[in-house]
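Subject: Structure for your review

Dear colleague,

Please find below the structure that I am handing over to you.

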Amino acid sequence: MIKKISLLGSTGSIGCNVLKIVRRFPGRFQVVGLAAGSNITLLRDQVEAFNPQIISVADEEPARQLSKSLGRQWRGKIAWGRQGNIEVATHQEADTVVSAIVGGAGLIPTYAAIEAGKNIALANKETLVMAGDLVMKAVKRHKVELLPIDSEHNAVFQALAAGRRDDVNKIILTASGGPFRQQKLADLWQITPEQALAHPNWSMGRKISIDSATMINKGLEIIEAKWLFDIPVEDIEVLIHPQSIVHSMVEFRDGSVIAQMGIPDMQTAIAYALSYPERLKTVLPRLNLGRCGDLQFSTPDFANFPGLKLAYQVCKKGGTLPAIFNAANEIAVEAFLAEKIRFPEISLVVAETVSRLMSREPTDIKMILEADLAGRVQAESIVTAFAMKKSLKWGKEIACPEIPPAAGVDLAPTGEK
Ligand code: NAD
Ligand code: MG
């Protein structure tokens, strides 16, 4: 049966890879909805190529421009804004929604899709970071499938098939370590956005590329894994694996470790999430282990990646704290890309925000959105303070943030404590 897809975030890195798979398997997939931000040139091309029934863009003005430029040859509906995302996500023709908007903006349409009974292929990890408990409960309530596109989680999902759930000892998420894996955080004050965006193995959107450099991406992925696989955070380990060949692993109680491997290309994970339990015959280059050299693994140094350690603490504390953590990170990453703060200050802004706000037990999505907003407002004010003190040095003139004692995060670089 043909799978009818609404694709949220169609013009992004994941979105374009999803459309490559759809194009290659026209008899298997049909695009019924596309939602994007502001890249109307690319969206227009996608509309012409895939002829969806509904599309949406972030704002009203680009929606008007698009409507004009598409003219009469296309007869679908153009929506915009948050409501437009929801309309695409819940369109009656769609049976599967690929959630690939970047950031917290992905939560509402993804949640709406679940409530409308759609199966989800999830790239937008922020959805589970912000509202994992509520989202997974909704998945169960509506009896829909939620399959991970994130390569680590897709790998764990595959590895879990090798044994019984009760026999799982731990999950091991691999991380490339990003472009600054071998440098000290204290030496990264002069790093430019271009340097931080240059990921060694994966080609991805801007936000996730910076998240990989701070390893906050892996922090978000720990929280994502906790909800997705219903596993305590203590049983989720992170290993640095610079080659990005082993996408993640599962250790069972008998000591067997099952790994999923492949070339670093998101199309493999996307294809699996879309075709599960079948596997599609893709035309991607094959992994040639004889030629890829040594595979290395090491434990991450929390002192160099304070945001990763903070993510463990935030995950453990739960409530609305992960939503606050995520919101602060989005603000800090934007501020770094706009050159308002320095690279090491990203983790500092996040830690300071988390330490200033109270966590509550969310009973509905509205509470999550309130925490998200509070996190953003708080992080903005910290960014402003940092931007004003740009010349000041880490841990000295800037008072080190008060982290909740449980977090125990040491943010000062060695030698400057
Ligand atoms: P990207 O920046 O390349 O693309 C983001 C997409 O979202 C674009 O189409 C953009 O127009 C759209 N968008 C942004 N704001 C929007 C809004 N308010 N309404 C509608 N559309 C909006 O990002 P990406 O790298 O493709 O990542 C997308 C998601 O997938 C993120 O959550 C990321 O963490 C996750 N992910 C990405 C990769 C990867 O390889 N790129 C891997 C794993 C997980
Ligand atoms: Mg990942």
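A disulfide is counted where two cysteine sulfur atoms lie within 2.5 Å of each other. By that criterion, the structure holds zero disulfides.

This is a predicted model, in which local features need pLDDT of at least 70, side-chain atom pairs count only at pLDDT 80 or more, and totals for chains, interfaces and linings use all residues. Residues are numbered from 1 along each chain as its sequence is written, chains are lettered from A and ligands numbered from 1 in the order in which they are written, and side-chain values use heavy atoms, with hydrogens and water left out.

Metal site

The magnesium ion (ligand 2) is coordinated by D150 (OD), E152 (OE) and E221 (OE), at 2.0 to 2.2 Å. Donors here are N, O and S atoms within 2.8 Å of the metal (3.2 Å for Na, K and Ca), and sites may look incomplete because water is not among the atoms. Along the sequence, the spacing of the donor residues is D-x1-E-x68-E. D150 is buried, with a relative accessible area of 7%, and E152 is buried at 8%. Buried means under 20% relative accessible area, exposed over 50%, and partly exposed in between (1.4 Å probe, protein chains only).

Strand β8

Strands (E, at least two residues) and helices (H or I, at least four) are DSSP runs, numbered from the N terminus. In strand β8 (residues 168-175), six of the eight residues are buried. Two strands pair if DSSP finds at least two bridges between them. β8 pairs with strand β10 (residues 246-252) in the antiparallel sense over five bridges, and V168 has F252 as its bridge partner in β10. Five bridges also join β8 to strand β9 (residues 236-240), in parallel; there, I171 stands opposite I236.

Cavities

A cavity is a set of points, on a 1 Å grid over the protein atoms alone, where a 1.4 Å probe fits but cannot get out; its lining residues have an atom within 4 Å of a point. Grid points are joined across faces, edges and corners, and a volume is the space filled by probe spheres set on the points. The whole structure contains two cavities of 30 Å³ or more. The largest has a volume of about 70 Å³, and its lining includes F180, Q183 and L185.

Yours sincerely

Notes. 1 Å grid on protein atoms, 1.4 Å probe; cavity = no way out; pocket = protein on both sides within 12 Å on 5 of 7 lines; lining within 4 Å.
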